[in-house]
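Here is a friendly set of notes to read alongside the model. Take the points one by one, and keep the structure open as you go.

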Amino acid sequence: MRLPTEPKGRSVGAEAPSADRSGGDALLNVHELDVVYHGRGGHLPALREMSFQVHPGEILGVIGESGCGKSTLSSAIMRLLPPNGEITRGSIRFGERELLSLGPEEMRRLRGPEIAMIFQDPLTSLNPTFTIGAQLVDAQRAHAGRAPRRSLRRRAIEMLEQVGIPDASERIGTYPHQFSGGMRQRIMIAMALLLEPKLLIADEPTSALDVTLEAQILELLRRLRHERGTAILFISHDLGVVAQLCDRILVMYAGSTVELGDVLPTFERPLHPYTQALIAAAPTRGRRGEPLATIPGKVPSLSALPTGCKFAPRCAHAQDVNLEREPELVEFDGRYVRCNIYDPSSGYVATNELQSR
Amino acid sequence: MSTTHAFVSVRGLRTRFGSLRAVDGVDLDIARGEVLGLVGESGSGKTTLGRTILGLTPATEGTISFDGRDMVTMDRAARRGLRRKMQMVFQDPHASLSPRLRISYLLTEPYEINHVADRDRSSVGALLEMVELPPDLASKYPHELSGGQARRVGIARALALRPDFLVFDEPTSGLDVSAAAAVLNLVKDLCDRFQLTYLIITHNLSVLSFVADRIAVMYLGQLVEVGPAEQVLDAPAHPYTKGLLSAVSEPDPRQRSRSHRLLLPGEIPSPRNPPPGCRFHTRCRYAQERCRREPPIVEEVEAGQRVACHFWDVVRADSRDEVAGDQGELDTSRPLT
């Protein structure tokens, strides 16, 4: 990996250092991050100029369709990009440290006690041949040094109880397949929390679950944030979940931020046409029977990104200017939007109504 | 509910796998042209019920009649003919579409299997058009399709035999919000266009609020509430329905401050050993001593709305209060968490 040089401030970067609200020290500060995938088709820009912050105790939701770069973003922060992925520019500060200048060993020590991650499918992260207890003890062993096994086990049971696994002291001796999907997801969360990370990255942690289990996991995450001040980067394609859980929302499209702001104003008056379209497409009990709005076309492939505004080919309001000029991320009243037809004097894009088909 | 107009009629249906009672005494009617939503958590038996109605899983007990004819007693040839009229759209299209076959073959395979005469076949192009897919998709393989496209191919395959009745299992699971909306719109359009009758199985009530005429709620092999979609969604009279509704994450952050947000605690118990009395009592906040002993009978609480709960009147009154409260207090100044 090439280490970043001094980030070159540009557009928002120059005036508002991290495209973010001021005040308070950020726990995670991602600044002008570019990620490229090297492949036979050339260098594909997976992330472009990603800038945002996550504060202690804050839940930031990252939303967008499949292929928008959400998972690349979490892999980049964890420094777990696939071998053909490269961070070509930018900075990822975690507290006082610059993650991009840490070596592999330092990074490994950070994962777990400082930054932990939970994934969509717990079965891919739990080893089917070991008991839950063995895996929960092991996860601590790497960081807890010579602590006696019994205390690590006790801690594991405690953590399982906290995430709502009944009879934890008995069930700790059983294997992953003996648990239901919801229970396995809780075990994953327990494992992630064992070392009390300051930042939890949750990549679609409830997408495979029933709504009832999803609601329970969301409640667990809320409690975690309240009781321990854990910051959470919550990646999802489900607007409902983000609306119910997150403080702020970052909308991604084709590898960059198109909108960033507090959850309430963003849902009440989405600025970017993409955000408007996503919200209009979500089924709600209030809009019963009406046809659901859809977004025509699909997320562009990284090898064929449009030249101007990346969303223009699918945008109901696109004008000629959008096809040539890539809009910059601009601030208005603590909110950020990347749209050519956004009008800073009114604070809104030209057409505000939610487009219904 | 009247039996005279029922297109699909199920009585006393039980499906057992050894000691596991997946469907345990279900009575259900679906009218012609109706969209019935069947909702419940994983393990409620909803998919088994759908499969049993279609004859994909054998029933242990009970009757299933289709357009007035009893499926269980009819001879095999007649049943085979009738089954063509009832199709299932499976949950995971990539698991139900063979990866080594082209879309054109996958779409015409049902004709070969059923020895359908040429004049009764739709062309591949026509089938693709029905589900709003471009004709050039015919030469592709399933892995080349997006999730939404694969889902549409699954629907086209089910439509190939020109069925009257379709069962959808989680039609939008795993799809992005826009792709899910497009599939739901399509499902609804097809219903109107071909006068189809639907059973839509899902764990997510918000899917049903858009598409269903009536909603049936299933818990541990039994129906606990059935009624018109509006009534079930606005004034649920079973605590399980209320619990499922409260678990839906509405895309509206203002609803976070709802004081009545009710979490459905714990998980569904094993259907091998369902709790005595009312099966839901272990997770029910309305449960009394009586619920632990005595299984509730199904009562008609309003025209077309049937509920199996000893305290449905209390539950429904609470639901109505909450709806009224929601309209009054949209206080955006309150902190969100």
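1. Let's begin with terms: two strands pair if DSSP finds at least two bridges between them. Helices (H or I, at least four residues) and strands (E, at least two) are DSSP runs, numbered from the N terminus.

2. A word on the source: this is a predicted model, in which local features need pLDDT of at least 70 and side-chain atom pairs count only at pLDDT 80 or more, while totals for chains, interfaces and linings use all residues. Residues are numbered from 1 along each chain as its sequence is written, and chains are lettered from A in the order in which they are written.

3. Now find strand β4 (residues 85–94) of chain A. β4(A) runs antiparallel to β5 (residues 97–98) of chain A, with 2 bridges joining them. Look for A:Arg93, which stands opposite A:Glu98 in β5(A). This hairpin has 2 residues between the strands, and A:Gly95 takes a positive phi near 60° there.

4. β4(A) also has a partner in strand β1 (residues 28–39) of chain A: 8 bridges join these antiparallel strands. Here A:Val36 stands opposite A:Glu86 in β4(A).

5. Stepping back, chain A has 13 helices and 14 strands.

6. Finally, see where the chains touch. The contact (C-beta atoms, placed from the backbone, within 7 Å) takes 33 residues from chain B and 37 residues from chain A. On the side of chain B, α7 (177–194), α8 (205–211) and α10 (239–247) each give two or more residues. α7(B) gives the most, with 6 residues.

How values were computed:
Two residues are in contact if their C-beta atoms, placed from the backbone, lie within 7 Å.
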